[in-house]
Amino acid sequence: MNELYPIFLKVHQLETLLVGAGFVGLEKLTFLLKSSPQAKVTVVSIEISDEIRDIAEKNPNIQLVQAAYHPDYLERKHMVIAATDDKAVNKTIYQDAKSRYLLVNVADTPEYCDFYLGGIVTKGNVKIAISTNGKSPTTAKRLRQLLEETIPEDINEMVENINRYRDTLKGDFEYKVEALNKLTEGLIKKD
């Protein structure tokens, strides 16, 4: 059973530490920025790939630190992603982060993750996250592709219209929920 609790983090308001700037670090950074282009990320690595340097040059919220990992880099951070190619270093990062009560994700090591970076579908204000409980990123990728093709491009227009309608409703919370449910019930009715 998947017992993960899905949440949507405002990472542009949080400080993220990414340790590792090779292929896996690039993948994690790219994924994070795809969903949250204004994410604040400090990247620490002995070697930093040209691709990550290019991203940092174009994004003032990305800070590069060319150095070995040290626990001091965890100061004033909210979450940590360990993406080095050294399992011992990744485990140390995990332990250091946990001792500071920080959320941590260690790439390709589910037992050292408080969260996963799952598949995400974004269409305007609509965002859907997909989790396979860390078991199959490929399945999450395929589901993401299916949903991207299935969800209509104008879904955001519908969301905006419903939001405007919601603002016109008078009454208590229960009344508003009932009115919005009635308005949108046709979305799931089968003919």
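Tyr101 sits in the loop between H3 and E5. Helices (H or I, at least four residues) and strands (E, at least two) are DSSP runs, numbered from the N terminus. The phi angle of Tyr101 is near 60°, a positive value in a residue other than glycine. Most residues other than glycine have a negative phi. Tyr101 counts as exposed, at 77% relative accessibility. Here buried means under 20% relative accessible area, exposed over 50%, and partly exposed in between (1.4 Å probe, protein chains only).

This is a predicted model: local features need pLDDT of at least 70, side-chain atom pairs count only at pLDDT 80 or more, and totals for chains, interfaces and linings use all residues. Residues are numbered from 1 along each chain as its sequence is written, and side-chain values use heavy atoms, with hydrogens and water left out.

Arg76 also has a positive phi, near 60°. Its place is the loop between strand E3 (62-66) and strand E4 (79-82). Arg76 is exposed, with a relative accessible area of 75%.

Next come the aromatic rings. Rings of Phe, Tyr and Trp (its six-membered ring) pair if their centres lie within 6.5 Å; planes under 30 degrees apart count as stacked, over 60 as edge-to-face and the rest as tilted. A search of the whole structure finds 1 aromatic pair. Tyr94 and Tyr112 have ring centres 4.7 Å apart and planes at 35°, so the pair is tilted. Tyr94 belongs to helix H3 (residues 87-99), and Tyr112 to the loop between strand E5 (103-106) and strand E6 (119-123), so the contact ties together parts that are 18 residues apart in sequence. Tyr94 is buried, at 18% relative accessibility.

Now the charged side chains. Side chains of opposite charge can pair when their charged atoms come close. A salt bridge is a side-chain nitrogen of Lys or Arg within 4 Å of a carboxyl oxygen of Asp or Glu. The count comes to 5 salt bridges. One of them joins Glu15 and Lys40, with the closest N and O atoms 3.7 Å apart. Glu15 lies in strand E1 and Lys40 in strand E2 (residues 40-45), so this pair ties together parts that are 25 residues apart in sequence. Both ends are partly exposed: Glu15 has a relative accessible area of 25%, and Lys40 has 26% relative accessibility.

Lys123 and Glu153 meet in another salt bridge, at 2.7 Å from N to O. Lys123 is in strand E6, while Glu153 is in the loop between helix H4 (137-150) and helix H5 (155-168), 30 residues apart. Lys123 is buried at 8% relative accessibility, whereas Glu153 is exposed at 65%.

Glu148 pairs with Arg144 in a salt bridge, the closest N and O atoms being 3.1 Å apart. The two are 4 residues apart in helix H4, so about one helical turn separates them. Glu148 is partly exposed at 27%. Arg144 is buried at 18%.

UniProt, in an unreviewed entry, places the feature "domain: Siroheme synthase central" at residues 124-149. UniProt positions are given in the numbering used here, feature names are shortened, and annotations may be inferred rather than shown by experiment. The end C-alpha atoms of residues 124-149 lie 14 Å apart, and the span is 50% helix and 19% strand.
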